[in-house]
Amino acid sequence: MATSSPIKFIEDALFCTNQFGLSYADPDQKWIIRDHLISLLQDFPFLKPSVDIFTHNNGSEVKLLNATGDVRVSENTPLIPLIIWLHEFYPQMPPIVYVSTNSVNLFSLNHPFVDSSGAITSSYLENWQFPRCSLSDLVRNLIKLFSHNHPLHYSGNSSSSSNPSLVSKMEATDLLVCSLYYDMLAIRPKIDLEIEFFSALQVEMINRFDVADSILIGLEHERDNLKRGIEQISDESDKLLNWLKVHDKNWDYVEDAFEVEDKKSEILLDCKAADYATEDLMYALDKAVENGAISFDFYIKQVRLLAREQFLHRARVLKLERSKEYRIS
């Protein structure tokens, strides 16, 4: 049984109406808090009631009741200093539970249910429903929870096994959450590396997209230039066709369509044409000997003759171009 002194303390704190009153406004709420706290102290006498200022994450301050004490989950593990704050909207809102940061033992790193500030999260708290849930059942749940994963760092093994057929649905959920949490920690380094890799790949793909976009813009400009070139050539072709229609003649040779100024210019044009024709013929002989169409001896003989003719044509062109009357730049 809870002694009259804690009960009196709870009642005096709850029903105080002066400036030292608590942040619980509803009278019915105060009686529920009284009954729940007294029941908690009866079930767990090591917990003691207290009143203090609680600061929410948004910075607001409220004056609340709390229960503090050291909870033992097994003989071989250190005591867990708990502080259970009763929310200003309790019991509609779950209590706020912390592992005291004043403990001589450090928090275990990466604990699945206790963060670096000591705040506790569990399936029981997250699924809190009044009147199904109570403070006493909360502490029982925490004892089972911490028997598998002790929140304080110490030398020794805090893990304990339970028969799956004997655990409650809530405890099984906590065990599953714990298992998934440690699995997540195990694969987190690999995931971080993959995130880093794909982030770098994303940057590379963006850069490649920019390059491809620049190339595409360049190709579009080139296409526009080609279109304009085609249009220009088409215009020139139309002009040429119109000229041919106006100057309709029976050309015996293609060369007859080109006019030269005098006899020397005609000789110069013939020599250059012969030079280019000889070059084409020598190229055709090269391909023929590669394909085995002609013998190598025949190839050498013909190339010598053609080279001599080409030399004569080029010499004559050079002579005409160097003359004062027909200098061609």
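Begin by selecting helix α2 (residues 27–43) together with α4: the two pack at an angle of about 40 degrees, and their axes lie 8 Å apart. Axes here are lines fitted to C-alpha atoms, for helices over the stretch in contact, and angles run from 0 to 180 degrees between N-to-C directions. The angle makes α2 oblique to α4; angles under 35 degrees count as roughly parallel, over 145 as roughly antiparallel, 65 to 115 as roughly perpendicular and the rest as oblique. Helices (H or I, at least four residues) and strands (E, at least two) are DSSP runs, numbered from the N terminus.

This is a predicted model, in which local features need pLDDT of at least 70 and side-chain atom pairs count only at pLDDT 80 or more, while totals for chains, interfaces and linings use all residues. Residues are numbered from 1 along each chain as its sequence is written, and side-chain values use heavy atoms, with hydrogens and water left out.

**The contact of α2 with α4**

Display the side chains where the two helices meet. On the α2 side, select His 36, Leu 37, Ser 39, Leu 40 and Asp 43; they meet Leu 135, Ser 136, Val 139 and Arg 140 of α4. Contact means heavy atoms within 4.5 Å. By class, this contact of α2 with α4 has four nonpolar, three polar and two charged residues. Ala, Val, Leu, Ile, Met, Phe, Trp, Tyr, Cys and Pro count as nonpolar, Asp, Glu, Lys and Arg as charged, and the others, Gly among them, as polar.

Now select α4 alone. Its 14 residues reach 21 Å from the first C-alpha to the last, close to the 20 Å expected at 1.5 Å a residue; the expected span is 1.5 Å times one less than the number of residues. Ten of the 14 residues of α4 are buried, so this helix is largely enclosed by the rest of the structure. Buried means under 20% relative accessible area, exposed over 50%, partly exposed in between (1.4 Å probe, protein chains only). Among the buried residues of α4 are Leu 138, Asn 141, Leu 145 and His 148.

Step back to Pro 131, in the loop between α3 (123–126) and α4 (135–148). The peptide bond from Phe 130 to Pro 131 is cis, with omega near 15 degrees.

**The strands**

Next, select Tyr 90 and Pro 91, which a cis peptide bond joins, with omega of about 10 degrees. Pro 91 is placed in the loop between β3 (80–85) and β4 (96–99).

Then move to Gly 69 in strand β2 (residues 61–71). Gly 69 is buried, with a relative accessible area of 13%. Leaving aside residues up to four places away in sequence, Gly 69 touches Phe 46, Leu 47, Ile 80, Pro 81 and Leu 82.

**Helices α6 and α7**

Select α6 (residues 263–290) and α7 (residues 296–322), which pack at an angle of about 160 degrees with axes 9 Å apart. The two helices are therefore roughly antiparallel to each other. By class, their contact has 14 nonpolar, four polar and eight charged residues.

Within α6, colour the buried residues, including Leu 268, Asp 275, Met 282 and Ala 288. What covers the buried residues of α6 includes α7. Just after α6, Gly 292 takes a positive phi of about 80 degrees.

**The whole chain**

Finally, show the entire chain, which has seven helices and four strands. From the N terminus on, the elements run α-α-β-β-β-β-α-α-α-α-α. Buried residues make up 31% of the 329 residues.
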